[in-house]
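Please look through the sequence and the model shown here, and then follow the paragraphs below, which take up its aromatic rings and after them one of its helices.

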Amino acid sequence: MALKVMDTPLVPFILRKGGLFTYDEVLQVRDGYGFSSKSTHISAFKTLFKYFETKEIETPTQAWLLYENEQKQVDKEVDVFLTLHPFASNHKVFETYLIMLMACSRIPKDRDFISDLFIHDNNQWKNHGIIKALMEDYYNLTKPDGFPKLDELINTTNRKFLFSLNAFYKINDLTEETIVKEFLNAVSADTHRKTGVFKRKNPYHKHDILEFIDKIYPVLVKIGAKEHKDNIFHFLRSLIFPLKN
């Protein structure tokens, strides 16, 4: 689903273009979300663009492939970008730039990347950085009608659950199996998705379940992704606290 130009703080030409963001456009994106362009780590983006020039990067896809091939090589113990540009890498400048591209649909959303950097990075949910602003705005602008905005939910687990449903699935294709899986992923802080084992890391209390029942479950029933259950509280508790053999 495309971003709605009239609802976004980004200027229209940024959304219409298909190429890389320029340095000036990065500043405009930050300004659009209320972030200062005078902060010290902004200059690190200039370092990133110089890095792109040395690698002859001209398209968003090339930028993503550079990150995949050079930054995430499992057989390399040295972070290439960190070695060349420690200040820029320490501020997640490369990753932030890729999030900008994903949020504006210039490269496909990568589940592992977004999960590691945003969904299950608790610092991003606690701090109001540009990554959090971009991803939350992406959800709020592309969510199905009736889905609550993320800032309407108090519990972080419930936010992560809804963001995952919207970001990685077509709503018409949602099944109960998918919903249960995503719920367990959110409650287990992603260990269920990565290992297939449900390891509950974060507490999910009664008031959090009640928020799910009140603000999320009725929407899932309305769009046909869930059947109505008489005791959804018991159902959710059985998922979180399965009976031991």
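In which helix do Phe-49 and Phe-52 lie, and how many residues apart are they? Both belong to helix α3, which covers residues 43–55, and they are 3 residues apart, about one turn of the helix; helices here are DSSP runs of H or I with at least four residues, numbered from the N terminus, as strands are runs of E with at least two. An α-helix has 3.6 residues a turn, so residues three or four places apart point the same way. The model is a predicted one, in which local features need pLDDT of at least 70 and side-chain atom pairs count only at pLDDT 80 or more, while totals for chains, interfaces and linings use all residues. Residues are numbered from 1 along each chain as its sequence is written, and side-chain values use heavy atoms, with hydrogens and water left out.

The structure holds 16 aromatic pairs, where rings of Phe, Tyr and Trp (its six-membered ring) pair if their centres lie within 6.5 Å, and planes under 30 degrees apart count as stacked, over 60 as edge-to-face and the rest as tilted. The rings of Phe-49 and Phe-52 are edge-to-face, because their centres are 6.1 Å apart and their planes stand at 80°. Phe-49 is buried at a relative accessible area of 16%, and Phe-52 is buried at 2%, where buried means under 20% relative accessible area, exposed over 50% and partly exposed in between, with a 1.4 Å probe and protein chains only.

Phe-49 also forms an edge-to-face pair with Tyr-97, at 5.5 Å centre to centre and 90° between the planes. This pair links distant parts of the chain, since Tyr-97 lies in helix α7 (residues 93–103), 48 residues apart from Phe-49 in helix α3. Tyr-97 itself counts as buried, at 0% relative accessibility. One aromatic cluster includes Phe-49, Phe-52 and Tyr-97, and Phe-21 and Trp-64 are also among its members.

Elsewhere, helix α12 (residues 176–187) is mostly covered, with 9 of its 12 residues buried, among them Ile-179, Phe-183 and Leu-184. The buried residues of α12 pack against α8 (111–119), α11 (156–168), α13 (191–195), α14 (206–222) and α15 (232–240), contact meaning heavy atoms within 4.5 Å. Just after α12, Ala-189 takes a positive phi of about 55°.
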